[in-house]
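Hi there,

Here is the structure I promised to pass on to you. Have a look at it first, and then read on for what turned up.

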Amino acid sequence: MADKKQVQVRILESAKKMLIDYLEQHQQRKTPERLAILEDIYTHNGHFDVEDIFVHMKAKNYRVSRATLYNTINMFLDAKLIIKHQFGNNSAHYERAFGNKPHDHLVCLTCGDIIEIDTEIEDIAREVADRADFYITHHSLYIYGYCKKCQAKRVANSENNV
């Protein structure tokens, strides 16, 4: 268990260094809020939206406006510290760029739940890319459908409408 914790600490420290380098290159200030937001993102697994961060920061007694969060998120995107996902609804979801296993996403069309899945798609894509002399930097796959819970509701609703 300590190994996993140590890996998380190393990932966070690497992300902080990348942020500091980015801020210096772009002649921007290294503020406690930016570092706290980065730490919040890198200490939680999974997807998040700006509201999630807002709630976490408020719980930690950080006074950060939503505008500051949106600006910081855009900076983190530019610095390649986070990845943006648009899962078919109007709100953007994000996840940290480092410390995640490669994965793809199952997205429920009814409730919006997102299930991360391990797939071999990247291995297949690399094979195809090698034959085409193409270098892959990353990939993204979204599979849309209905989760188990929503499937059951759909069946129940269709039975009630008979």
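How much space lies in the second largest pocket? The answer is about 170 Å³. Please keep in mind that this is a predicted model.

Let's stay with that pocket for a moment. Its lining has no nonpolar residues, but 5 polar and 5 charged ones. Among the residues that line the second largest pocket are Asn45, Gly46, Glu95, Arg96 and Lys101.

Now for the largest pocket. The volume here is about 580 Å³, and 23 residues form the lining. If you want to find the centre, look for Ile83, Ala97, Thr137, His138 and His139, which are the lining residues that lie nearest to it. Strands S1 (82-85), S2 (93-96) and S3 (104-108) each supply at least two residues of this lining, and so does helix H5 (121-131). The largest share comes from S1, with 4 residues. By type, the lining of the largest pocket divides into 7 nonpolar, 8 polar and 8 charged residues.

Last, the surface. Leu109, Tyr144 and Tyr146 make a nonpolar patch of about 300 Å² there. To locate Tyr146, go to the loop between strand S5 (142-145) and helix H6 (148-160). Is Tyr146 buried, partly exposed or exposed? Its relative accessible area is 34%, so Tyr146 counts as partly exposed.

Enjoy exploring!

Best wishes

Terms used:
Residues are numbered from 1 along each chain as its sequence is written. This is a predicted model: local features need pLDDT of at least 70, side-chain atom pairs count only at pLDDT 80 or more; totals for chains, interfaces and linings use all residues. Side-chain values use heavy atoms; hydrogens and water are left out. Patches are made of residues with over 30% relative accessible area and no salt bridge: like charges are joined within 9 Å, nonpolar side chains (Val, Leu, Ile, Met, Phe, Trp, Tyr) within 5 Å. Accessible areas come from the Shrake-Rupley method with a 1.4 Å probe; for residues, only the protein chains shown count as cover. A salt bridge is a side-chain nitrogen of Lys or Arg within 4 Å of a carboxyl oxygen of Asp or Glu. Buried means under 20% relative accessible area, exposed over 50%, partly exposed in between (1.4 Å probe, protein chains only). On a 1 Å grid over the protein atoms alone, a cavity is a set of points where a 1.4 Å probe fits but cannot get out, and a pocket is an open set with protein on both sides within 12 Å along at least five of seven lines; lining residues have an atom within 4 Å of a point. Grid points are joined across faces, edges and corners, and a volume is the space filled by probe spheres set on the points. Ala, Val, Leu, Ile, Met, Phe, Trp, Tyr, Cys and Pro count as nonpolar, Asp, Glu, Lys and Arg as charged, and the others, Gly among them, as polar.
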